[in-house]
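Trainee: Could you walk me through a few features of this model? I would like the general idea each time, then the case at hand.

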Amino acid sequence: MKTNLKKLMMCLIMAVIMISAVPSTALLGGAGSIQAEAAKKSKSLEKEAKISVGEILKLKINNTKNKVTWKSSKPAVAKVNAKGQVVGRKAGKATITGKVDGYTFIWKVTVKGVDNSKKLISVEKKSLKFSGKTTLKVTYHGTGTIYYNIRNSAIVSAKWKKWNGKTINLELTGKEKGTTMLTLYCNQCKNKVLIPVEVTGK
């Protein structure tokens with residue numbers, strides 16, 4: 001009876017790792033998942049995961065309503081927050097543990113460095129001049145998050161459109177006449193991409 005109960009508990013609790021979803025002003029490349037079964041407190045099961053600097057993993061333990069305690073052995077390499085989100089910070093290895101209901105889940109995370117000699121962000125236009133709306137085609141070769149920033153949001157607003165795995169369009173909407181600067185950057189990028197923007201009318 002005890003053996004059957006133990007097997008049932010092992011099957012009920014699963015831990016799933018997945019690349020995090022796309023934030024509203026950012027884009028994450030790549031996708032995938034791995035699973036880890038629950039183990040006894042004294043015999044924790046280990047799984048492995050590989051990410052790049054700037055990449056985010058979301059750890060989740062299903063079939064439990066209790067709070068999970070997350071911890072990283074090397075936060076400078078891979079930092080984990082209270083929600084189980086892991087961010088690769090620099091090349092190296094770290095152990096991420098999640099404890100709940102007397103069980104311990106362990107992930108051996110390897111964070112890969114980035115070759116900064118490769119240009120990770122490229123755009124089709126070096127400057128923008130428009131009225132109303134326009135679209136900027138952006139090619140991204142990284143695996144982490146790509147962000148945009150507008151120096152003066154009173155002049156223009158922007159939002160990401162559909163990502164096709166290689167390129168993404170950034171839609172810009174003119175709000176009033178004027179000039180500002182659009183900046184594209186990522187956690188892995190050595191240099192930022194600066195694009196002068198001029199809005200000639202709404």
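Predicted model: local features only at pLDDT ≥ 70, side-chain atom pairs only at ≥ 80, totals over all residues.

Trainee: How many aromatic pairs does the structure hold?

Mentor: Four. One of them joins Trp70 and Trp107 in a tilted arrangement, at 5.7 Å centre to centre and 35° between the planes. Trp70 belongs to strand β6 and Trp107 to strand β10, so this pair ties together parts that are 37 residues apart in sequence. Strands here are DSSP runs (E, at least two residues), numbered from the N terminus. Phe105 and Trp107 form a stacked pair, with 6.3 Å centre to centre and 25° between the planes.

Trainee: Are Phe105 and Trp107 buried or exposed?

Mentor: Buried means under 20% relative accessible area, exposed over 50%, and partly exposed in between (1.4 Å probe, protein chains only). Both Phe105 and Trp107 are buried, and Trp70 is buried as well.

Trainee: Which residues make up the two faces of strand β6?

Mentor: In a regular strand, side chains alternate between the two faces of the sheet. For β6 (residues 69-72), Trp70 and Ser72 form the covered face, and Thr69 and Lys71 the uncovered one.

Trainee: Which way do β6 and strand β9 run?

Mentor: Two strands pair if DSSP finds at least two bridges between them. Here β6 and β9 (residues 92-100) run antiparallel and are joined by four bridges. Ser72 has Ile96 of β9 as its bridge partner.

Trainee: Where is Asp101 placed?

Mentor: Asp101 is in the loop between β9 and β10. Its phi is near 55°, a positive value in a residue other than glycine. Asp101 counts as partly exposed, at 36% relative accessibility.

Trainee: Which residues is Gly113 in contact with, leaving aside its neighbours within four places in sequence?

Mentor: Contact means heavy atoms within 4.5 Å. Gly113 is in contact with Val53 and Ala91, those neighbours aside. Gly113 sits in the loop between β10 (103-112) and β11 (121-123).

Methods
Residues numbered from 1 in each chain as written. Heavy atoms only, no water. Phe/Tyr/Trp six-rings, centres within 6.5 Å; stacked < 30°, edge-to-face > 60°.
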